[in-house]
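Please read the briefing below alongside the sequence and the coordinates. The points are grouped by topic, so that each can be checked in a viewer.

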Amino acid sequence: MLNDTVCFADAVKYRGLRFTVEPQNDFWQLRPPYSADFYTGLLGWMTDNNRIDAHVPPSVITLLSQVLCSCGQLTFFYPSVASEERAEDWQAIDKGACRILRGQKPSWLTRKPDYPLFSTSNPESAEKLFCAEPFSWELQQQMVLLSSKDALQPTLDYESVHKAYAFGNYELLLKAGIEGIFYPAVDGDFAGLMVFRKKLWEHLLLQLAESCAASDYDWSLMSEFDFQKIFKKSLDVFIFAARRNGGRKGLAL
């Protein structure tokens with residue numbers, strides 16, 4: 001059984017989602033598309049004070065987990081899978097399956113760590129992806145692979161995951177039947193989406209809109225310029241703090 005992961009209580013009232021297609025600003029720290037044919041987007045969540053630089057609100061975690069699982073199978077890093085007793089083949093566990101892709105030791109020298117994977121289409125189990133330290137969402141260490149529900153667990157090997165995670169090379173994932181990637185953007189305060197198939201892209205956007213409507217949350221597709229304006233106040237504070245600490249490149253607003 002996987003260890004339970006406790007996420008954080010809602011500190012602010014969640015009001016809705018904002019989404020922009022093909023964002024270009026480097027500030028967002030998005031994964032560059034491997035192909036011009038890929039569909040890319042950036043997701044942000046509105047709260048009662050537009051607060052960012054905080055944990056993902058549990059209500060957002062629940063909604064996103066439901067939407068993603070309605071579209072297919074999710075495979076992501078989860079530390080409780082990391083056990084010497086775990087096999088490298090998929091094993092059924094907790095409304096999903098787990099396996100370990102073994103790297104090369106010592107990982108600090110080879111830069112090829114083990115990748116403990118958990119795969120599920122159950123929304124409650126999928127919520128674990130947001131609280132999976134040391135594969136921290138806030139530190140942008142998580143990567144979620146999207147695949148068809150019909151295929152169950154994807155056929156993955158070490159090189160396909162390692163090349164995608166470490167080098168942004170998704171060619172082997174495509175061959176393994178992966179249809180997209182969901183991942184944390186800057187500081188985990190936003191989410192990036194890269195989809196390889198048009199059908200999945202359209203289905204995800206439809207499910208996001210319908211899920212927001214069903215939950216009485218606001219949903220809006222907008223330009224990157226308008227997206228930046230929506231979060232401008234919080235981003236200004238965040239960028240100022242980053243610059244004082246010798247941190248990230250600023251966002252032009």
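In this predicted model, Asp187 is placed in the loop that lies between β8 (180-184) and β9. The phi of Asp187 is near 55°, a positive value in a residue other than glycine, and at 14% relative accessibility Asp187 counts as buried, the cut-off for that class being under 20%.

**Backbone features in loops**

- Gln140 also has a positive phi, of about 60°, although it is not a glycine, and this residue belongs to the loop between α3 and β7.
- With a relative accessible area of 22%, Gln140 is partly exposed, whereas Asp187, at 14%, counts as buried.
- The loop between α3 (123-126) and β7 also holds Pro134, and the peptide bond that leads from Glu133 to Pro134 is cis, with omega near 15°.
- Another cis peptide bond runs from Lys105 to Pro106, with omega near -5°, and Pro106 is found in the loop between β5 and α2 (107-110).

- Strand β5, made of residues 96-101, is mostly covered, since six of its six residues are buried.
- Gly96, Cys98 and Ile100 point one way from β5, while Ala97, Arg99 and Leu101 point the other way, and all of them are buried.
- In a regular strand, side chains alternate between the two faces of the sheet.
- Strand β4 (residues 91-93) pairs with β5 in the antiparallel sense over three bridges, and in this pairing Ala92 stands opposite Ala97 of β5.
- The hairpin of β4 and β5 has two residues between the strands, and within this hairpin Asp94 takes a positive phi near 45°.
- β5 is also joined to strand β6 (residues 115-120) by six bridges, and these two strands run antiparallel; the bridge partner of Leu101 in β6 is Tyr115.

**Thr120 in strand β6**

- Thr120 is part of strand β6, and it is buried, with a relative accessible area of 0%.
- The side chain of Thr120 reaches the backbone oxygen of Lys95 at 2.7 Å, and it also reaches the backbone nitrogen of Asn122 at 2.9 Å.
- When neighbours within four places in sequence are left aside, the residues in contact with Thr120 are Gly72, Gln73, Leu74, Phe76, Lys95, Gly96, Ser125 and Ala126.

**Nonpolar cores**

- In soluble globular proteins, nonpolar side chains tend to be buried together.
- The largest nonpolar core has 38 residues, of which Leu17, Leu64, Leu74, Phe130, Leu146, Phe182 and Leu204 touch the most other members.
- Two or more residues of this core come from each of β1 (14-21), β2 (39-47), α1 (58-71), β3 (73-77), β7 (144-147), β9 (191-195) and α6, and α1 gives the most, with eight residues.
- Leu74, leaving aside its neighbours within four places in sequence, is in contact with Leu68, Cys69, Phe118, Ser119, Thr120, Ala126, Leu129, Val144, Leu145 and Leu146.

**Helix α6**

- Helix α6 consists of 17 residues (198-214) and should span 24 Å at 1.5 Å a residue, which agrees with the 24 Å between its end C-alpha atoms.
- In α6, the buried residues are Leu200, Trp201, Leu204, Leu205, Gln207, Leu208, Ser211 and Cys212; because they cover an arc of only 165° around the axis, they are placed on the same side of α6.
- An α-helix has 3.6 residues a turn, so residues three or four places apart point the same way.
- On the other side of α6, Lys199, Ala213 and Ala214 are exposed.
- Leu204 takes part in both topics, being buried in α6 and being one of the residues that touch the most other members of the largest nonpolar core.
- After α6 comes Asp216, whose phi is positive, near 60°.

Conventions
Residues numbered from 1 in each chain as written. Predicted model: local features only at pLDDT ≥ 70, side-chain atom pairs only at ≥ 80, totals over all residues. Heavy atoms only, no water. Helix = DSSP H or I, 4+ residues; strand = E, 2+ residues; numbered from the N terminus. Expected span 1.5 Å × (residues − 1). Buried < 20%, exposed > 50% of the residue type's maximum accessible area, 1.4 Å probe, protein only. Arc of directions from axis to C-beta. Core = buried A, V, L, I, M, F, W, Y, C linked by side-chain atoms within 4.5 Å. Contact = heavy atoms within 4.5 Å. Pairing = 2+ DSSP bridges. Polar contact = N/O pair within 3.5 Å; in protein donor to acceptor, adjacent residues only side chain to side chain.
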